[in-house]
Every structure is written in structure tokens, then in C-alpha cells.
Amino acid sequence: MLGTGKSVVAIQLLCDLIQKGYSANYVTKNAAPRNVYFEKLKQNKFKLNYIKSLFKGSGSFIDVPNNYFDCLIADEAHRLNSKSGMFQNLGENQIKEIIHTSRVSVFLIDENQRVTTSDIGSIDLIKHYAEIEGSAVYSGEELNLVSQFRSNGSDGYLAFLDNMLEIRPTANYELDMDYDIKLFSDPNKMRDALREKNKINNKSRMLAGYCYNWVTKKDMYSDICDINLENNFHAKWNFGNTSTWAIDETSFDQVGCIHTSQGLEFDYVGVIIGKDLIYKDNHVLTDFTKRAKTDTSLKGIKTTKNYKLADENIRNTYRTLLSRGQKGCYIYCEDKELLKHMSKMLKLEII
């Protein structure tokens, strides 16, 4: 649940540095994993103030002196922003501020997981600000994290995702049968199958592309549902009254989105692919106009007309959602042609 790839490396490094007496922090833009770490560590009887001192948001270093920390570990560094604050008008650049603030900065990054128009984290930009700050850069193939840390070690499944989403061609992928993939024509059947997995250890969740307005944000206990699909499937987005939806005992029926699941892993996920991803004319296509009005991930696209960025962010969003399951992924698509396309690629029957 706490991550099986970059995040587990980051947390282990944090522990090692603290045990050796160094001042170190785990840094991430996304609050969801930080809140889960807080809750898990609280259960191990660590003092809450001490725990919170170890985990910081990426906008915490605007006015911190040079080399104040021995090490800052920036997880999900692709999600870093230029400016900080609620209105993104504070500071100069989060990458520069992290490098400036620490003697050693560690950036764990996957550029294929940038999912909003404000995500600016890239390897080139890290190198750029490192040069400005006079920092040596260590990077390269030998520091790449192998995929055995995710999706039950299935290189084939991750290659399938890249190929299916047309992020990069990987025609020779071979699926590992230890990874449980199922395709569903009915979202109710997917939820029922996932519910059985969740009964084992509360480590299965439904996720969806942000194509559904969050109408219950201010009235979560009303009879209204946010996500309404065929065959009388109804569900609500994860409730706003908790910051630990991913591990709450009663949250299975709530659906998570990219903002509440990125940086976390589950045993099984059931992913609802909305109308922003379809299959047409022998290609997987995106449509940013199908995103919910309550989603700010693609803010500014209509003004800038940067449709290429919108396309990349939608593909990256689904790549991230579809790779959250460590043991398996169940999939439902609103677009039936996309579901058929996936069935053909995977050589799996649709349930």
C-alpha cells in the first residue's frame, strides 16, 4: 500500500539517513501518500509531531537557507510545480528551492506520470537548476528503477500499457500470467469482483479517470452520486472528510482519482476508463473536453491551445491508474471499442 517502486526506495533511504544522524526529509507534492504514511507510523506509536517533521510538501522550501538540510528526497518529482501556494504565486521554482535547501537532493522521477498542466518536473530541468546552484548531477541507466517493483514484476504488463496507450511502441511485450488482468463489460461485475479481493485485507480500490463532476464534494451523504454508468452503476468520489481514503476500513465503495491514488499502491485496482479515452480509426485517442468541469488537471488548455500537452496528460493519467495494482488490475471502459481493442491485444475475453 505504501508504494512498491520509487516510494519504497525513498522511505528506506529516509530511514537509513535518520538512523545515521543526518537531517533528512521526504518531499512530495501529493498529500495522499504523506497522509497514509502519517497514519501507518502513528499505529507504530511514533509521536505525531516527529512524524510530520519528516514529511513535507514540495512548496515548503521557499525561504529556507542554503544547505539547511543534509538531504531532501523528492518523490514523484515529475509532479513538482514552478510556483507554490494555493494560488501558485509564491517562490521561484520548487526544483531550484529543493536543490538550494539541501546538501544532497534526491529526485525520484517518471516523466510519463506528469498528469496536470502545472507539473513541470523533468530530468532536464533538474539538471538545469543543479547547474545554476553549482551542484554535481548523478544520473543514468544504472540508477533506473527496474519494473520488478511494480505490477508483480510484470515487465509485459507495463509494456502493454505503453503500447495500448500509444505512449511508446512495445510490440514484443509478453504478459506475465502471475498478474491478474480482467476486462469487464459491466461496471457492477467489476465492482463485485474487486469487492471479493478487498475482503482479504482491505487493499483493493476502484479508480477512475476524472470524467465525472464531483457534485457530492459539499454533500457527501446525499442520495446523489457522482459516477453514473450503465446497468444502474452508481458511485461517489472518495469523501472529502478523510485524508486516508486509501486505507480506511469503510471506503471501498468510494472511487479514487489520480489525485488520491498517485504515489500509492494497492493489491488490486478496478479502473473505470471514461470517455476521454476512446478507440477510433485504429488508434487510441484522447478528448480533453470529456473531462469533468470540477477537474483542474487540464486548466488553461483552452486558452493556450496546447492540445498535445492535454493528450499526454490524459494518457499518463491512465497509465498511472492502470499500474496502481500490485497483484492485478480489473478494467471497465465506457467506450466499447476501446474495450474490444484491449481484449484483442491481451487475448482475453470480456467478462
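## A polar contact at Ser58

A polar contact is a pair of N or O atoms within 3.5 Å, where, within protein, one atom must be able to donate a hydrogen and the other to accept it. In this predicted model, such a contact, with a length of 2.9 Å, joins the side chain of Ser58 to that of Gln94. Ser58 lies in the loop between strand 2 (55-56) and strand 3 (69-74), and with a relative accessible area of 5% this serine is buried. Leaving aside residues up to four places away in sequence, Ser58 touches Val27, Thr28, Lys29, Leu80 and Gln94.

Seven strands form an open sheet in the order 5-13-10-6-9-8-7, and their pairing is mixed. Strand 5 (180-184) and strand 7 (227-229) are the edge strands, each of them pairing on one side only, while the twist from one strand to the next averages 35°. Helix 10 (residues 307-322) packs on this sheet, where it touches strand 6, strand 10 (266-273) and strand 13 (325-333), and the direction of the helix makes about 145° with that of strand 10.

Within the sheet, strand 6 (residues 204-208) and strand 9 (residues 254-256) run parallel and are joined by two bridges. Leu207 has Gly256 of strand 9 as its bridge partner.

## Aromatic pairs

The structure holds 14 aromatic pairs. One of them is formed by Tyr37 and Phe55, a tilted pair at 5.5 Å centre to centre with 35° between the planes; it links distant parts of the chain, since Tyr37 sits in helix 2 (residues 31-43) and Phe55 in strand 2, 18 residues apart. Both Tyr37 and Phe55 are buried, and together with Tyr26 they form one aromatic cluster.

A second example involves Tyr268 and Tyr330, whose ring centres are 5.7 Å apart and whose planes stand at 50°, so that this pair is also tilted. The two tyrosines are 62 residues apart and connect distant parts of the chain, with Tyr268 in strand 10 and Tyr330 in strand 13. Tyr268 and Tyr330 are both buried.

## Cysteines without disulfides

A search of the whole structure finds zero disulfides. For Cys225, the closest cysteine sulfur belongs to Cys257 and is 16 Å away, which is too far for a bond. The sulfur of Cys333 has its closest cysteine sulfur in Cys329, at 9.9 Å, and this distance is likewise too far for a bond, because a disulfide requires cysteine sulfur atoms within 2.5 Å. Cys333 itself counts as buried, at 0% relative accessibility.

Key. Residues numbered from 1 in each chain as written. Predicted model: local features only at pLDDT ≥ 70, side-chain atom pairs only at ≥ 80, totals over all residues. Heavy atoms only, no water. Pairing = 2+ DSSP bridges. Helix = DSSP H or I, 4+ residues; strand = E, 2+ residues; numbered from the N terminus. Axes fitted to C-alpha atoms, helices over the stretch in contact; angles between N-to-C directions. Contact = heavy atoms within 4.5 Å. Buried < 20%, exposed > 50% of the residue type's maximum accessible area, 1.4 Å probe, protein only. Phe/Tyr/Trp six-rings, centres within 6.5 Å; stacked < 30°, edge-to-face > 60°.
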